[in-house]
Amino acid sequence: MYQVLLVDDEPVILRNISKVIDWEKFGFSICATAECGEEACRLLKEYRPNLVITDVMMPQMNGIELAEFIGENYPKTEVIIISGYDEFDFARSAMRAGVMEYIMKPTKKKSWSRLCRRSMKGFREKRTWREISGNSGKRQRKIFPY
């Protein structure tokens with residue numbers, strides 16, 4: 001089971017994301033939630049999640065900064081950014097930070113299901129790649145930064 005950390009400064013969004021999706025059906029479980037990027041950094045150290053789903057706009061540390069922190073310190077952890085802002089600059093910054101996906105709010109249940117399936121497929125492919133090549137996640141991030 002892959003562990004997911006949810007990060008959003010709006011508690012209602014956190015509850016909705018954790019309740020709307022049957023995470024276990026897709027091979028995921030929510031290990032923790034955070035209401036800001038700084039709290040997420042503390043939880044990353046404790047839980048070492050496989051996936052972080054974060055809002056882009058939060059006080060103190062935004063989702064892009066969190067994604068950069070994760071890329072530098074937890075290279076095996078994937079990041080999905082959710083945003084209510086249809087701004088190209090946010091999306092471009094997210095891709096430069098190495099995020100797996102950048103999706104818009106509000107996100108329908110069907111879209112979440114597709115995203116979960118795609119994420120699981122990506123995890124399986126990376127695991128197979130590591131098994132075949134013997135590369136660590138940190139080295140893979142340098143070879144394939146996106």
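Which helix gives the largest share of the lining of the second largest pocket? This report answers that, then turns to a pair of packed helices. The model is predicted.

## The second largest pocket

Helix H1, residues 11-20, gives the largest share of the lining: 4 residues. The second largest pocket holds about 170 Å³ of space.

Its lining is made up of Ile13, Asn16, Ile17, Val20, Ile82, Lys105, Pro106, Thr107 and Trp112. Sorted by class, 6 of the lining residues are nonpolar, 2 are polar and 1 is charged.

## How H2 and H3 pack

Two packed helices are described by the angle between their axes and the distance between those axes. Here, helix H2 spans residues 37-47 and helix H3 spans residues 63-73. They pack at an angle of about 20°. Their axes lie 10 Å apart. Angles under 35 degrees count as roughly parallel, so H2 and H3 are roughly parallel to each other. The crossing of H2 past H3 is right-handed.

## Where H2 and H3 touch

H2 makes the contact with Gly37, Ala40, Cys41 and Leu44. H3 brings Leu66, Phe69 and Ile70. By class, this contact has 6 nonpolar residues, 1 polar residue and no charged ones.

Conventions. Residues are numbered from 1 along each chain as its sequence is written. This is a predicted model: local features need pLDDT of at least 70, side-chain atom pairs count only at pLDDT 80 or more; totals for chains, interfaces and linings use all residues. Side-chain values use heavy atoms; hydrogens and water are left out. Axes are lines fitted to C-alpha atoms, for helices over the stretch in contact, and angles run from 0 to 180 degrees between N-to-C directions. Helices (H or I, at least four residues) and strands (E, at least two) are DSSP runs, numbered from the N terminus. Angles under 35 degrees count as roughly parallel, over 145 as roughly antiparallel, 65 to 115 as roughly perpendicular and the rest as oblique. A crossing is left-handed if the near helix is turned anticlockwise from the far one by less than a right angle, and right-handed if clockwise. Contact means heavy atoms within 4.5 Å. Ala, Val, Leu, Ile, Met, Phe, Trp, Tyr, Cys and Pro count as nonpolar, Asp, Glu, Lys and Arg as charged, and the others, Gly among them, as polar. On a 1 Å grid over the protein atoms alone, a cavity is a set of points where a 1.4 Å probe fits but cannot get out, and a pocket is an open set with protein on both sides within 12 Å along at least five of seven lines; lining residues have an atom within 4 Å of a point. Grid points are joined across faces, edges and corners, and a volume is the space filled by probe spheres set on the points.
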